[in-house]
Amino acid sequence: REKELTPALEATVFTAIVISSVLQAATTLLFAFVGASFLRDEGVKHILVVLAVVPLLGIFSFMPGAKLERNGRFKEIAIIGALTSLVGSAATVIFAILGYKYMSLAYANVIGAVTLSCLLMIAGRNYGGVKLGISEWKRVFNFGIQMFAYSGVVNFSTRLNEIMLGRIAGLGALGLYNRASGMNNM
């Protein structure tokens, strides 16, 4: 939304992405153990431990992706999104056929995240490197709080529904629901 992206602002945004990604990964690991206990299923722990890697994979692809979008390269973004969905769906099916059961979804998510990150970094390779910095932290923090407040409420309500479905109907039913919902959205 910025009219002009300064190097200081980019460095601060990148630092914020690193911090939030590490916090997301740590929170996912925490929920791996709490969720397994709450849902009375060790499968939850196994899935969330694998999924904790996903936020970390996006650290270096966020800025190239944002700059692609900022520069109106929507065709590349759409192609990357389609390829990522195709790879993720194919990986899910392949892992399921190979007998990985519910872990198929977790492994496919990691493969999808690797695919997305690599493709964004390749497509956005001309947008320069990234550096750490905090000089514009107030602007980035204020914007981040606004976005977190909005998306946090939406994500929390969605995840709460999923947690309750998993508790009531079981992990297998939750996995089928999530995959069907994802395919419908796609």
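Colleague: Is Val49 buried, exposed or partly exposed?

Modeller: The classes are buried (under 20% relative accessible area), exposed (over 50%) and partly exposed in between, with a 1.4 Å probe and protein chains only. The relative accessibility of Val49 is 36%. That value falls between the two limits, so Val49 counts as partly exposed.

Colleague: What pLDDT do side-chain atom pairs need in order to count?

Modeller: Residues are numbered from 1 along each chain as its sequence is written, and side-chain values use heavy atoms, with hydrogens and water left out. This is a predicted model, in which totals for chains, interfaces and linings use all residues, local features need pLDDT of at least 70, and side-chain atom pairs count only at pLDDT 80 or more.

Colleague: Which residues does Val49 contact, leaving aside its neighbours within four places in sequence?

Modeller: Val49 lies in helix H2; helices here are DSSP runs (H or I, at least four residues), numbered from the N terminus. Its C-alpha atom is 9.0 Å from that of Leu30, 19 residues away along the chain. Contact means heavy atoms within 4.5 Å. With neighbours within four places set aside, the contacts of Val49 are Leu29 and Ala32.

Colleague: Which helix gives the largest share of the nonpolar surface patch?

Modeller: Patch residues have over 30% relative accessible area and no salt bridge; nonpolar side chains (Val, Leu, Ile, Met, Phe, Trp, Tyr) are joined within 5 Å, like charges within 9 Å. Phe38, Phe156, Leu160, Ile163, Met164 and Ile168 make a nonpolar patch of about 590 Å², with areas from the Shrake-Rupley method and a 1.4 Å probe, only the protein chains shown counting as cover for residues. Ile168, at 69% relative accessibility, counts as exposed. The largest share, five residues, comes from helix H7.

Colleague: How many residues apart in sequence are the parts tied together by Glu10 and Lys67?

Modeller: A salt bridge is a side-chain nitrogen of Lys or Arg within 4 Å of a carboxyl oxygen of Asp or Glu, and the whole structure has two. In the bridge of Glu10 with Lys67 the closest N and O atoms are 2.6 Å apart, and both residues are buried. Glu10 lies in helix H1 and Lys67 in helix H4 (residues 59–70), so the parts they tie together are apart in sequence by 57 residues.

Colleague: What is the N to O distance in the salt bridge of Glu76 and Arg73?

Modeller: Glu76 is partly exposed at 28% relative accessible area, and Arg73 is partly exposed at 24%. Their side chains meet in a salt bridge with an N to O distance of 3.0 Å.

Colleague: Why does the pair of Phe95 and Tyr107 count as tilted?

Modeller: Rings of Phe, Tyr and Trp (its six-membered ring) pair if their centres lie within 6.5 Å; planes under 30 degrees apart count as stacked, over 60 as edge-to-face and the rest as tilted. This rule gives five aromatic pairs. Phe95 and Tyr107 have ring centres 5.4 Å apart and planes at 55°, so the pair is tilted.

Colleague: Which residues do ring pairs link into a cluster with Tyr107?

Modeller: Phe95 in helix H5 (residues 74–97) and Tyr107 in helix H6 (residues 103–123) are 12 residues apart; Phe95 is buried at 17%, whereas Tyr107 is partly exposed at 28%. The rings of Tyr100 and Tyr107 have centres 5.7 Å apart and planes at 85°, so this pair is edge-to-face. The cluster links Tyr107 with Phe95 and Tyr100.

Colleague: What is phi of Lys101 near?

Modeller: Lys101 is in the loop between H5 and H6, and at 68% relative accessibility it counts as exposed. Its phi is positive in a residue other than glycine, with a value near 50°.

Key
Helices (H or I, at least four residues) and strands (E, at least two) are DSSP runs, numbered from the N terminus.
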